[in-house]
Structure formats: C-alpha cells, structure tokens
Amino acid sequence: MKKISTRFLTFFATFLLILSCNKEDDTVGLNAIVLSATATTVQVDDTTTLSVLSNTNEDLTAVSTFYVNDTQITNNVFSPEAAGEYKVVAKYMLEDKTLVSNEITITATAIPITGITVTATPEIIEIGQNFTLGVVASNMAQLTTGVTYFVNDTPIDSNIFTPAATGTYQVKATFDNNGQLLTSAPITVTVTAVST
C-alpha cells in the first residue's frame, strides 16, 4: 500500500509540476503592437486619432511613434491636407528591438463644393485694359475647368474680359459640379475713361 501511495504521490506531484510549467509557458510577454484609428475615412483637414495597444492589452499610445507614408508625425493625431490614401504604422521600442504595428490605410476625401464665388482682378480698370476673372469654391479650391463666365448675362470664351466701352458690367460664373450646376452671385466691375 505504501508503494502505491508513494507512486501515486510522485505521479501527482510530477503532474502538478508539468501543469504549472505549461501555465507559465502560456503567459506571453509583450511582443506585438496593434494600431487603430478613430476613423479610417475623413475629409481633408479633419482629424483621426491613432492608438496603440500591446498584445498584453497595455495602452502604448503615449510612448509610440507614428508614421504616415514613411514620414514620422509629431503626435497621434493625423489631419490630411489633400485627398488620397495614406499608409500609417506605429513603432514602439522594446529594449533593443523595435516593434512595428499593422499597417492601416486612412482615406481622405475632398471637402464637397456647395457654392462658388466669382472674382475680378482688378475690379476697376481704364478702357483698353482687361479684367482677369476667377472662381473660388466653397472649399477654397481655385476652379479652372468646368467654369463658364458671363458678362451682363452673356457667356464669354475665357476668363479674360476686355470691355469695349466705359461703364459698369455685371459678372457671374457657373460651375459644373459633377452634373450639378452652381451659379455665383454677380459682382460689378467698372470701366473708366483713360485718365489724363
């Protein structure tokens, strides 16, 4: 009976030792990081906030560095300045090695155009000079294609207007915004006689 008890106790102790070793092996230390963003599609000049979690569920955002298209940014907030796709990764220094996160793609969309403004440079000229007309969109883009200029409700061929007589003229513009025709408010330009 003592032999069985001793063998049983030896077997049980060995089993517990193996079990405890396996549990220790199952516990993995910090060896990977995961990058996430509050939004992966934003409009130009809007922001998305980047975060880093370790495989041990530790927030490493404050001690990580962030790269957009291989260029380091100053913090974890990214604001795209132009429409397009941006590849983002994070890096974390773990002793003497660098952990690199997964790559995420941030898509920046253009700010939609909701209106246009016509401009004339200058707004007062002498006869024989000309006006250079332009159109600025509501998203501050300078528009050149898809624009038609009107002087006194008559379309002209270009953005250069050379009046044939003195007086005031009403200038406006239209813009084809993907099938939606936008019309500016009119402005008044003035043509004077040549000063002596």
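Reader: How many of the residues count as buried, and what makes a residue buried?

Author: Of the 196 residues in the protein chain, 30% count as buried. Buried means under 20% relative accessible area, exposed means over 50%, and partly exposed is in between, with a 1.4 Å probe and protein chains only. This is a predicted model, where local features need pLDDT of at least 70, side-chain atom pairs count only at pLDDT 80 or more, and totals for chains, interfaces and linings use all residues. Residues are numbered from 1 along each chain as its sequence is written, and side-chain values use heavy atoms, leaving out hydrogens and water.

Reader: Why is serine 184 called buried?

Author: Serine 184 has a relative accessible area of 5%. The cut-off is under 20%, so serine 184 is buried. Serine 184 is found in the loop between strand S18 (180-183) and strand S19 (187-192). Strands (E, at least two residues) and helices (H or I, at least four) are DSSP runs, numbered from the N terminus.

Reader: Which residues does serine 184 touch?

Author: Leaving aside residues up to four places away in sequence, serine 184 touches Ile116, Thr117, Val118, Lys172 and Ala173. Contact means heavy atoms within 4.5 Å.

Reader: What makes a group of residues a nonpolar core?

Author: A nonpolar core is a set of buried Ala, Val, Leu, Ile, Met, Phe, Trp, Tyr and Cys residues joined through side-chain atoms within 4.5 Å. The largest one here has 22 residues, and Phe131 and Leu143 have the most contacts inside it. Strand S10 (116-121), strand S12 (131-137), strand S14 (147-151), strand S17 (167-177) and S19 each give two or more residues to this core. A second, separate core has 20 residues, including Leu30, Val42, Leu60 and Val88. In soluble globular proteins, nonpolar side chains tend to be buried together.

Reader: How do you know that S1 and S3 pair?

Author: Two strands pair if DSSP finds at least two bridges between them. S1 and strand S3 (residues 48-54) have 5 bridges, so they pair, in the antiparallel sense. Isoleucine 33 stands opposite serine 54 in S3.

Reader: Which strands make up the open sheet, and why are some called edge strands?

Author: The open sheet has 3 strands in the order S1-S3-S6, with antiparallel pairing. Strand S1 (33-37) and strand S6 (77-78) each pair on one side only, so they are the edge strands.
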